[in-house]
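Trainee: I am new to this structure. Please pick a single part of it, take me through that part closely, and then show me how the rest connects to it.

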Amino acid sequence: MNRYDKTFKEEAVRLSDEIGPKKAAEQLGVAYHTLQDWRKRRTLQGDGAHIGSGRAYASANKTTREIELERENSELRRANEILKDALGFFAKDRKR
């Protein structure tokens, strides 16, 4: 497994913004999915996304997966609230 430093990752993401991720991955000798992962981290986590090398993530110490799970959890909570409201509405309607 290759490890890349912060500077390399940031420059790779900038290059991919300019020429596209496929061309940048080919030119740099990095797997396309790896570069896409770096781009996704930058989008989700901003400037702290590429700390050091390896699997260190944002300064908040949250992985991309943790952020995704928090979003999903929030969406599911909203959906549950909507379902509870609908259940209450239909239960009132049925008593009449």
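Mentor: Just after helix H1, Gly 20 takes a positive phi of about 100°. Helices here are DSSP runs of H or I with at least four residues, strands are runs of E with at least two, and both are numbered from the N terminus. This is a predicted model, in which local features need pLDDT of at least 70 and side-chain atom pairs count only at pLDDT 80 or more, while totals for chains, interfaces and linings use all residues. Residues are numbered from 1 along each chain as its sequence is written, and side-chain values use heavy atoms, with hydrogens and water left out.

Now to H1 itself. Its 14 residues should span 20 Å at 1.5 Å a residue, and the end C-alpha atoms are 20 Å apart, which agrees; the expected span is 1.5 Å times one less than the number of residues. Lys 9, Ala 12, Val 13 and Ser 16 are buried in H1. Buried means under 20% relative accessible area, exposed means over 50%, and partly exposed lies in between, with a 1.4 Å probe and protein chains only. The arc is taken from the directions that run from the helix axis to the C-beta atoms. On the face turned away from that buried side, H1 carries the exposed residues Thr 7 and Glu 18. Helix H2 (21-28) and H3 are included in what covers the buried residues of H1, where a contact means heavy atoms within 4.5 Å.

A search of the whole structure finds four aromatic pairs. Rings of Phe, Tyr and Trp (its six-membered ring) pair if their centres lie within 6.5 Å; planes under 30 degrees apart count as stacked, over 60 as edge-to-face, and the rest as tilted. One of the pairs is Tyr 4 with Phe 8, stacked at 4.9 Å centre to centre with 15° between the planes. Tyr 4 counts as buried because its relative accessibility is 18%, whereas Phe 8, at 26%, is partly exposed. Phe 8 also pairs edge-to-face with Trp 38, at 6.2 Å centre to centre and 90° between the planes. That pair links distant parts of the chain, since Phe 8 lies in H1 (residues 6-19) and Trp 38 in H3 (residues 32-45), 30 residues apart. Trp 38 has 3% relative accessibility, so it counts as buried.

Trp 38 leads on to H3. Leu 35, Trp 38, Arg 41 and Gln 45 are buried in this helix. Seen down the axis, they fall within an arc of 115°, so they line one face of H3. The face turned away from the buried side carries the exposed residues His 33 and Thr 43. After H3 comes Gly 46, whose phi is positive, near 70°.

As for the whole protein chain, it has four helices and zero strands. Of its 96 residues, 22% count as buried.
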